[in-house]
Amino acid sequence: MSASTCVLVEMGEEDPIISVAQLVAGLIGDADGKVVKECESLLEAGKFTEVVAEIMAHGGKLFADAPEKDLEAAVLIIGGLAQRLSPADAAKCVDQLVAAALAGTDRGSLRAAILFQLYNMTTDIKARFPILKKILGYVREAKLAELVAPISHHVEDNYKSWNLDAAETRAVLGDVFTMLAETSGNSDPNSTEAKRILDLQLLFLATFSAGEKLDAKGEEGAKAV
């Protein structure tokens, strides 16, 4: 860790969001403290979303170079404080964190873990599902095969409580069983993995009403069962 890095997990009495600004300033070599001063000014004016925007203008550097514990603490600070705002303003703040996490596949496991943190801390149910969809896409892009099974179980256990329409349910179940099929190394049709995929395909097919035309993935699933 460089001397300029602010260790957020050991921060003092200053406002937590300013500690994040100090971390960013250290990472970008802001010796004059312009970022911190701007954030302090915005915070005094009650403009929290603008403070987050100022910090996340350097989100790429934060996610690429901040020590793991500092990055996790920064996300918890911003994401946690954002939940005190209106749903619209909270979404603006969280969306910036999500976008920064999605911006690269380096430190993939850490980025995915942070995405899950943001998903879990988001209190607005409507805002959670888009984050989950982005997590699914990121896990696939970053080739984090070890996360596919836990995600599939989470989706299977919870999707009915998300109040999704048929198309949304179909999309998330289709993504999950496709990812499981792509990452399964077992070709045995009687294996646990194959049975799980089949179970999810049946749930997927159940989203089609009687007489409704199956899409390509539905046709594939119908053949499999």
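My entries follow, topic by topic.

**Ground rules**

I am working from a predicted model, where local features need pLDDT of at least 70, side-chain atom pairs count only at pLDDT 80 or more, and totals for chains, interfaces and linings use all residues. I number residues from 1 along each chain as its sequence is written, and my side-chain values use heavy atoms, with hydrogens and water left out.

**The core**

I began with the nonpolar core, meaning a set of buried Ala, Val, Leu, Ile, Met, Phe, Trp, Tyr and Cys residues joined through side-chain atoms within 4.5 Å. For burial I used relative accessible area: under 20% is buried, over 50% is exposed, and partly exposed lies in between (1.4 Å probe, protein chains only). The largest core holds 66 residues, and those with the most contacts inside it are Ile17, Ile55, Met56, Leu62, Phe63 and Val155. Helix α1 (residues 16-28) gives the largest share of this core, eight residues. I take helices as DSSP runs (H or I, at least four residues), numbered from the N terminus. A background note to myself: in soluble globular proteins, nonpolar side chains tend to be buried together.

Which residues does isoleucine 55 touch, leaving aside its neighbours within four places in sequence? I found Ile17, Val20, Ala21, Val24, Cys39 and Ile78 in contact with isoleucine 55, where contact means heavy atoms within 4.5 Å.

**Helix α7**

I checked the length of α7 (residues 108-121) next. The expected span is 1.5 Å times one less than the number of residues. The 14 residues of α7 should therefore span 20 Å, and the end C-alpha atoms are 20 Å apart, which agrees. Its buried residues are Gly108, Leu110, Arg111, Ala112, Ile114, Leu115, Leu118, Tyr119 and Met121. I see them packing against α4 (59-65), α5 (68-82), α6 (87-102), α8 and α9.

**Rings**

I paired rings of Phe, Tyr and Trp (its six-membered ring) if their centres lie within 6.5 Å; planes under 30 degrees apart are stacked, over 60 edge-to-face, and the rest tilted. That rule gives three aromatic pairs. Phenylalanine 129 and tryptophan 162 make a tilted pair, 6.1 Å centre to centre with 45° between the planes. Phenylalanine 129 lies in helix α8 (residues 125-141) and tryptophan 162 in the loop between α9 (148-158) and α10 (166-183), so the pair ties together parts that are 33 residues apart in sequence. Both partners are buried: phenylalanine 129 has 8% relative accessibility, and tryptophan 162 has 13%.

Phenylalanine 204 and phenylalanine 208 form an edge-to-face pair, because their ring centres are 5.6 Å apart and their planes stand at 70°. Phenylalanine 204 is buried at 1%, and phenylalanine 208 is buried at 10%. I also noted that ring pairs link Phe177, Phe204 and Phe208 into a cluster.

**Charges over rings**

My test here was NZ of Lys or CZ of Arg within 6 Å of the ring centre and within 35 degrees of the ring normal. The charged end of arginine 128 sits over the ring of tyrosine 119, 4.2 Å from its centre. Arginine 170 lies over the face of phenylalanine 208, 3.8 Å from the ring centre.

**Salt bridges**

How many salt bridges does a search of the whole structure find? I got six, with a side-chain nitrogen of Lys or Arg within 4 Å of a carboxyl oxygen of Asp or Glu as the criterion.

- Arginine 170 turns up again, bridging to glutamate 212 with the closest N and O atoms 3.4 Å apart. Arginine 170 is in helix α10 and glutamate 212 in the loop between α11 (192-205) and α12 (216-224), 42 residues apart. I find arginine 170 buried at 14%, whereas glutamate 212 is partly exposed at 34%.
- Aspartate 65 and lysine 61 meet at 2.8 Å, N to O. They are four residues apart in helix α4, about one helical turn. Aspartate 65 is partly exposed at 39%, as is lysine 61 at 36%.
- Aspartate 89 and lysine 92 meet at 3.9 Å, N to O. They are three residues apart in helix α6, again about one helical turn.

**Valine 148**

Beyond its neighbours within four places in sequence, valine 148 is in contact with Val139, Met179, Leu180 and Thr183.

How values were computed
Helices (H or I, at least four residues) and strands (E, at least two) are DSSP runs, numbered from the N terminus.
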